[in-house]
Amino acid sequence: MIEWSEQHQMIRETIRRFVDEEIVPHVEELEHGDLPPYDILRKLYSTFGMAEMARARFDKQIALEKKIAAGEAPAADKKRAKDTGGRGDAAAMSIIPIIELCRYCPGLVTALGVSTGLTGAAIMSKGSIEQKERWGKDVLSLDKIGAWAITEPGSGSDAFGSMKSTAKLQQDGSYLLNGNKTFITNGPYADTIVFICKLDEAGVDPKDRKVMNFVLDRGMPGLTQTKAMRKMGLHSSPTGELFLQDVVAGPERLLGGKPVERSSSGAKDTFSIERTGVASMALGIIEHCLELSLKYAKERKQFGRPIGEFQLIQEKIARMEVARMNVQNLVFRVIEGAELGKGPSFAEASAMKLYSARAATEVAMEAVQIYGGNGYMAEYHVEQLARDAKVLQIYAGTDEIQISAIARDLLSR
């Protein structure tokens, strides 16, 4: 794939009109007010039929899984359930809105991605049919907001090794959950929470304890969701803390109905999904920063000439275009891989995130530099994009973690 198709371009223009009409007028409220993003995201899902498509896909998948479980599915259906090929167009259709939203409000993508992506994916990949029906459909359609809770105070990049949240098995088969999670996207407003913790096993070193995934509902006794935290960027994506004190979770809330999960492989798959998504986010930021910089370089005059005539400004613009081309090619690679039924390896997903996050941050900061003093002012959009871009180098694993992940994965082969 070397360029967007005509159909892709049509969809892109339609999404762009929605952004201009429904999101741009509210950017100030999303950034500096108290407007949660969820009604806007639901309107996006409703306008483009995404909610109905999500429900239809869910119903089809569950019907097939029930047939397979009952031994009634023919071999062709079983193969279809495992077949991931021919989905390039679907991947493109999901990526285009991410790019367009990130031109103005990357935080909206973070809020949406964590809800339907990370939370929904965790439930649909690990959950039983009953759990999928109870929680999955509402999260995937945005009828309910999801949060994926893994990070803890003091844990940072060592999410599992430093994890202190626990689940203690009770005599009646239920679990008693305790712990504190931080930097949780959608935390203040989440209806459905995938809470990741460790089994409280006497005599077992905490680092070696088994990992567990529970689904929690808003309002459960002992569960506290704090108000949104103040942060550098992504203001349109509410981030909060979770406190659990003796929260009782029945075995039906343990994802998959399995008593324990013995490794972090499930989370590793989730991180891969999140990391490849960063490339699409970075592309939206880079594209808009380049457009704004080109416009400003033509209009802004210094020493009697448009600043775009100065070679140092031209170098910045040229480097922006190189970054745009490279990140777009990474996005195209994801789409082509989906068409072939192949996702990136863990090393490849980490490499994509490392490069695209750095590229977006560098381009956004150079856009601020081109704007000079104006670029430092909040009334100019490059100021917000520079703040928003920085987190791409931090969440879903810092740049340093990506480097380590790439090297370890390659050296283990």
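Reader: Where does Gln 131 lie?
Author: Gln 131 sits in helix 8, residues 129-140. Helices here are DSSP runs of H or I with at least four residues, strands are runs of E with at least two, and both are numbered from the N terminus. This is a predicted model, where local features need pLDDT of at least 70 and side-chain atom pairs count only at pLDDT 80 or more, while totals for chains, interfaces and linings use all residues. Residues are numbered from 1 along each chain as its sequence is written, and side-chain values use heavy atoms, with hydrogens and water left out.

Reader: OK. Is Gln 131 buried or exposed?
Author: Gln 131 counts as buried because its relative accessibility is 4%. Buried means under 20% relative accessible area, exposed over 50%, and partly exposed in between, with a 1.4 Å probe and protein chains only.

Reader: What lies 2.7 Å from a polar atom of its side chain, I mean Gln 131's?
Author: That's the backbone oxygen of Leu 254. Leaving aside neighbours within four places in sequence, Gln 131 is in contact (heavy atoms within 4.5 Å) with residues including Glu 252, Arg 253, Leu 254 and Leu 255.

Reader: Switching over: which residues touch the most other members of the largest nonpolar core?
Author: Trp 4, Ile 23, Ile 285 and Leu 392 do, in a core of 68 residues. Helix 9 gives the largest share of this core, 12 residues. A nonpolar core is a set of buried Ala, Val, Leu, Ile, Met, Phe, Trp, Tyr and Cys residues joined through side-chain atoms within 4.5 Å. Apart from that one lies another core, of 21 residues, with Ala 147, Tyr 175, Val 247 and Leu 254 among them.

Reader: And what is Leu 392 in contact with?
Author: Beyond neighbours within four places in sequence, Leu 392 is in contact with Val 278, Met 281, Ala 282, Ile 285, Lys 353, Ala 357 and Ala 360.

Reader: How many residues of helix 12 are buried?
Author: 9 of its 10, so helix 12 is mostly covered. Leu 385 is found in helix 12 and counts as buried because its relative accessibility is 0%. Not counting residues up to four places away in sequence, Leu 385 touches Ile 285, His 288, Cys 289 and Leu 292, among others.

Reader: Last one: is Glu 52 buried or exposed?
Author: Glu 52 counts as exposed because its relative accessibility is 54%. Glu 52 lies in helix 4, residues 50-69, and a polar contact of 2.5 Å joins its side chain to that of Arg 55. A polar contact is a pair of N or O atoms within 3.5 Å; within protein, one must be able to donate a hydrogen and the other to accept it, and residues adjacent in sequence count only if both atoms are side-chain atoms.
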